[in-house]
Amino acid sequence: MNIKQQKQIKTFLIEEFGSDRGCALFEEQTKTLDTLIKNTKGKSENQIKTLVQTILPRIALYKTLLQNDFSNENVYAYMQKYMIDTVAAKKTRINR
């Protein structure tokens with residue numbers, strides 16, 4: 001399944017952490033995402049689509065950052081930056 005948000009996440013991680021670390025974190029995030037998707041059960045087709053395309057990639061990013069020795073405050077700050085600077089900025093551009 002093509003998950004559009006993954007491209008945004010990869011770009012964000014590379015911008016924040018550099019090419020080597022960003023790519024390594026993205027690989028971990030992708031593995032976590034695959035696990036989350038495989039463990040999703042009991043949902044309708046539309047619910048699964050929403051989870052896979054929007055919610056689970058963000059949860060996987062959050063879990064990946066937590067597992068890589070970032071403090072809770074730093075993880076929160078990175079997630080906030082991703083959501084505001086990447087996701088919200090793109091939504092604002094689209095809606096104009």
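This is a predicted model: local features need pLDDT of at least 70, side-chain atom pairs count only at pLDDT 80 or more; totals for chains, interfaces and linings use all residues.
Residues are numbered from 1 along each chain as its sequence is written, and side-chain values use heavy atoms, with hydrogens and water left out.

Two packed helices are described by the angle between their axes and the distance between the axes. The axes of α1 and α2 come within 8 Å and cross at roughly 115°; axes here are lines fitted to C-alpha atoms, for helices over the stretch in contact, with angles running from 0 to 180 degrees between N-to-C directions. α1 is therefore roughly perpendicular to α2, on a scale where angles under 35 degrees count as roughly parallel, over 145 as roughly antiparallel, 65 to 115 as roughly perpendicular and the rest as oblique. The crossing of α1 and α2 is right-handed, a crossing being right-handed if the near helix is turned clockwise from the far one by less than a right angle, and left-handed if anticlockwise. Residues of α1 that meet α2 include Gln 5, Ile 9, Leu 13, Gln 29, Leu 33 and Ile 37. Among their partners in α2 are Val 52, Leu 56, Pro 57, Ala 60, Leu 61 and Leu 65.

The largest nonpolar core has 13 residues. A nonpolar core is a set of buried Ala, Val, Leu, Ile, Met, Phe, Trp, Tyr and Cys residues joined through side-chain atoms within 4.5 Å; buried means under 20% relative accessible area, exposed over 50% and partly exposed in between (1.4 Å probe, protein chains only). Ile 9, Leu 13, Phe 17, Leu 61, Leu 65 and Tyr 82 have the most contacts inside this largest core. At least two of its residues come from each of α1 (5-38), α2 (45-66) and α3 (72-95), and α1 gives the most, with 6 residues. Another core, of 7 residues, lies apart from it, and includes Leu 36, Leu 51, Val 52 and Leu 56. With residues up to four places away in sequence not counted, Leu 61 touches Ile 9, Leu 13, Gln 29, Met 79 and Tyr 82, contact meaning heavy atoms within 4.5 Å.

Gln 29 belongs to helix α1 and is buried, at 0% relative accessibility. Leaving aside neighbours within four places in sequence, Gln 29 is in contact with Gln 6, Ile 9, Pro 57, Ala 60, Leu 61 and Thr 64. Gly 22, also assigned to helix α1, is likewise buried at 0% relative accessibility. Beyond neighbours within four places in sequence, the contacts of Gly 22 are Leu 13, Ile 14 and Phe 17.

Lys 10, in helix α1, is partly exposed, with a relative accessible area of 35%. Cys 23 and Phe 26 are in contact with Lys 10 when neighbours within four places in sequence are left aside. Lys 10 and Cys 23 are 13 residues apart in sequence, and their C-alpha atoms are 7.0 Å apart in space. Lys 31, in helix α1, is exposed at 58% relative accessibility.

Side chains of opposite charge can pair when their charged atoms come close. The structure holds 1 salt bridge, defined as a side-chain nitrogen of Lys or Arg within 4 Å of a carboxyl oxygen of Asp or Glu. Lys 81 forms a salt bridge with Glu 16, the closest N and O atoms being 2.7 Å apart. Lys 81 lies in helix α3 and Glu 16 in helix α1, so the pair ties together parts that are 65 residues apart in sequence. Lys 81 is partly exposed, with a relative accessible area of 36%, and Glu 16 is partly exposed at 26%.

In the loop between α2 and α3, Asn 68 is buried, with a relative accessible area of 17%. Asn 68 touches Arg 21, Leu 25 and Glu 28, not counting residues up to four places away in sequence. Asp 69, also located in the loop between α2 and α3, is exposed, with a relative accessible area of 79%. Asp 69 has a positive phi of about 60° although it is not a glycine.

How values were computed. Helices (H or I, at least four residues) and strands (E, at least two) are DSSP runs, numbered from the N terminus.
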